[in-house]
Amino acid sequence: MIISKQTNLKPLLESKNGIHLTAYLVNRGDLSDLKSQLSTVISEAYEWLHNALPLEEQKKFIEPLETLLSDSRIFTQMKGNIGLFRNENLFRVLNIPIEVVPGCQVASSFHVKPLLRWLKGDQDFLLLGLDKEKAHLYFGNQDSFKLIDSTPFPEFFKDLEWLRKYVRSKYFERNQDKSIEAFAWLNDWLLELTKKSKPKLFLAGERFPVQAVFGNLKYKNTLKTSLTNSFAPEMAFALCQEIRRILKDDSRKAIEKALLEFRFAEEGSRVRKNIFHISKAVVQGKVRKLIVTDELSIFGKIDSKSGDLSIHPFDLDHEDDCVLDDLAQLVLSQGGEVIIASRNEIPKGRPILAILDPDEQVLEKTEELNYRDLQENLR
């Protein structure tokens, strides 16, 4: 079964309360350099925890990092940069194939902006390749690509002449029940593998088999054009590279679209630019979409009931969080969308922008009008 990055990262994105240590290491291909960075992280962690935990509990909390320092073989298996995540319940070491800023942070939740940027910019995908005998399903992203499974075609699907007549006669439109039964092998196989994750599916293969599949496929997240008019397993990696190019372009367009949406929302007065106003709106569940930069940290604390925000000039203690991180996590937990962008992509280099839910904007306008009416009556 295919498990998405979103599912794997969910425990980190949703974890809050208690002590959370996050560290990012830059992997330059030098094991001694990584161990040096990790040693610095351990020293900084003891400093952060000095006033938060008794010495024995500090040692217990940091023990997995010290074990990793003494046996760092796992680093040799990682091509990208490295993320370390520790709280009282878990310790995770992740290969992170994007640029990161090295360092250590101790707070009441994990520092997740790099993870959110990774999720947005490195989409998972499926490739279904149809050759003359089998269907081959591959799973990949910008960093990895592998064959998940292959299944032989049923006999009717090997008959290209039958498939040609089938597609041209639009048999599947006039005989839906029989078509669904005939292609159950494909839908059952694919849906079983994608119970927990629904990445975008790309198809490649000869015209009539692919068209027959398009006409009967129940999987919704499918690109409705074939990548090529033929397929063989040796073509898979080249097709993977093409898919990666398409998805990178999609990610860039998604940010452009989001920024355009912010401009339109601003004209309708649904945008909030002030971080103090945004904090209140997020806590009240009014924010539909948030855009934050991952090039800046703003430390402070958010009142979970009122949304009041206190900002500090630097990270004061183990309870101080990057409030941009906290606001992003809150919006995600409420079902909203978070876009990670560089500051030069955000209008006027702001660190954060928010779009209110349209219904909430109507409510705000109504409350404002009612308040004005009250003021008029009191004069």
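Modeller: Accessible areas here come from the Shrake-Rupley method with a 1.4 Å probe. On that basis the protein chain exposes about 19,900 Å². Keep in mind that this is a predicted model.

Colleague: What about secondary structure, how many helices and strands?

Modeller: The protein chain has 13 helices and 16 strands. As for contacts between residues at least 6 apart in sequence, 67% of them join residues at least 24 apart.

Colleague: Is Cys104 buried or exposed?

Modeller: Cys104 counts as buried, because its relative accessibility is 15% and the cut-off for buried is under 20%.

Colleague: Cys322, what is its relative accessible area?

Modeller: It is 1%, so Cys322 is buried as well.

Colleague: Now the hairpin. Which strands form it?

Modeller: β6 and β7, with four residues between them. β6 covers residues 134-140 and β7 covers residues 145-152.

Colleague: In which sense do β6 and β7 pair, and over how many bridges?

Modeller: The pairing is antiparallel, over seven bridges.

Colleague: Which residue in β7 is the bridge partner of Lys134?

Modeller: Pro152 is the partner of Lys134.

Colleague: Where do side chains point in a regular strand?

Modeller: They alternate between the two faces of the sheet.

Key:
Residues numbered from 1 in each chain as written. Predicted model: local features only at pLDDT ≥ 70, side-chain atom pairs only at ≥ 80, totals over all residues. Heavy atoms only, no water. Helix = DSSP H or I, 4+ residues; strand = E, 2+ residues; numbered from the N terminus. Contact = heavy atoms within 4.5 Å. Buried < 20%, exposed > 50% of the residue type's maximum accessible area, 1.4 Å probe, protein only. Pairing = 2+ DSSP bridges.
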